[in-house]
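Me: I'm new to this one. Can you walk me through it?

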Amino acid sequence: MKNRQYIVIAAVIGLNLGAAAIAQTPDSPPAAPISYAQIRNLHPPVTAGDVTDRPYRVLGEVRASVRKATVFSRAPSQAHVYGELWERAERLHADAVIHASYGDSHITALSWGARSATGQAIKFLTDAEIAAQPQPAPAP
């Protein structure tokens, strides 16, 4: 009987330690605008901000979820989460992912911790597409 009590107490302590490890706050990047040249030099080309100096077409929203292997594993990093977002955006033939965001790690039914992320997959317009766009009329 006492052995069962010790096992239950050990399990409760273990679960509390695991929950404390999961409740880490992410190191959120600033959502400042980024230039076309800067995002082209990122690997993967994923940013929390927007690209303001080059027109683009939104291909769609991409979502990813990165899981921890065990309760003792570290929470998925920003680089890992952004890498997963980029893999999904590549399938859409995207040039970059903008407005990327991710949340805190949380326990799911299938893992000891998962971090979900979303972003917008975009394709930059070519010079010919930019030239073909109608120009705004000059203000009177």
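The chat below goes through the sheet, the helix on it and the aromatic rings.

Me: What kind of model is this?
Reply: This is a predicted model.

Me: Sheet, please. In what order do the strands come?
Reply: The order is E1-E3-E2. These 3 strands form an open sheet, and the pairing is antiparallel.

Me: Which are the edge strands?
Reply: Strand E1 (56-67) and E2 are the edge strands. Each of them pairs on one side only.

Me: How many degrees of twist from one strand to the next?
Reply: The twist averages 20 degrees.

Me: What packs on the sheet?
Reply: Helix H3, residues 78-91, packs there. H3 touches E1, E2 and E3. The direction of H3 makes about 130 degrees with that of E1.

Me: Back to the pairing. How many bridges join E1 to E3?
Reply: There are 11 bridges between E1 and E3. Tyr 56 stands opposite Phe 124 in E3.

Me: And how many bridges between E2 and E3?
Reply: E2 and strand E3 (residues 114-124) pair over 5 bridges, in the antiparallel sense. Take Ile 98: its bridge partner in E3 is Gln 120.

Me: How many residues of E2 are buried?
Reply: In strand E2 (residues 96-102), 5 of the 7 residues are buried. That makes E2 mostly covered.

Me: New topic, rings. How many aromatic pairs does a search of the whole structure find?
Reply: The search finds 3 aromatic pairs. One of them joins Tyr 36 and Phe 124. That pair is edge-to-face, with 4.8 Å centre to centre and 85 degrees between the planes.

Me: Why does that pair tie together parts 88 residues apart in sequence?
Reply: Tyr 36 lies in helix H2 (residues 36-41) and Phe 124 lies in strand E3, so the pair links those two parts.

Me: Is Phe 124 buried or exposed?
Reply: Phe 124 counts as buried, because its relative accessibility is 6% and buried means under 20%. Tyr 36 is at 25%, so Tyr 36 counts as partly exposed.

Me: Why is the pair of Tyr 56 and Phe 124 edge-to-face?
Reply: Their planes are at 90 degrees, and planes over 60 degrees apart count as edge-to-face. The ring centres are 6.5 Å apart. Tyr 56 lies in strand E1 and Phe 124 in strand E3, so this pair ties together parts 68 residues apart in sequence. Tyr 56 is partly exposed, at 24% relative accessible area.

Me: Which residues form one aromatic cluster?
Reply: Tyr 36, Tyr 56 and Phe 124 do.

Me: Last one. What lies over the face of Tyr 36?
Reply: Arg 54 does, at 4.8 Å from the ring centre.

Conventions
Residues are numbered from 1 along each chain as its sequence is written. This is a predicted model: local features need pLDDT of at least 70, side-chain atom pairs count only at pLDDT 80 or more; totals for chains, interfaces and linings use all residues. Side-chain values use heavy atoms; hydrogens and water are left out. Buried means under 20% relative accessible area, exposed over 50%, partly exposed in between (1.4 Å probe, protein chains only). Helices (H or I, at least four residues) and strands (E, at least two) are DSSP runs, numbered from the N terminus. Two strands pair if DSSP finds at least two bridges between them. Axes are lines fitted to C-alpha atoms, for helices over the stretch in contact, and angles run from 0 to 180 degrees between N-to-C directions. Contact means heavy atoms within 4.5 Å. Rings of Phe, Tyr and Trp (its six-membered ring) pair if their centres lie within 6.5 Å; planes under 30 degrees apart count as stacked, over 60 as edge-to-face and the rest as tilted. A charge sits over a ring if NZ of Lys or CZ of Arg is within 6 Å of the ring centre and within 35 degrees of the ring normal.
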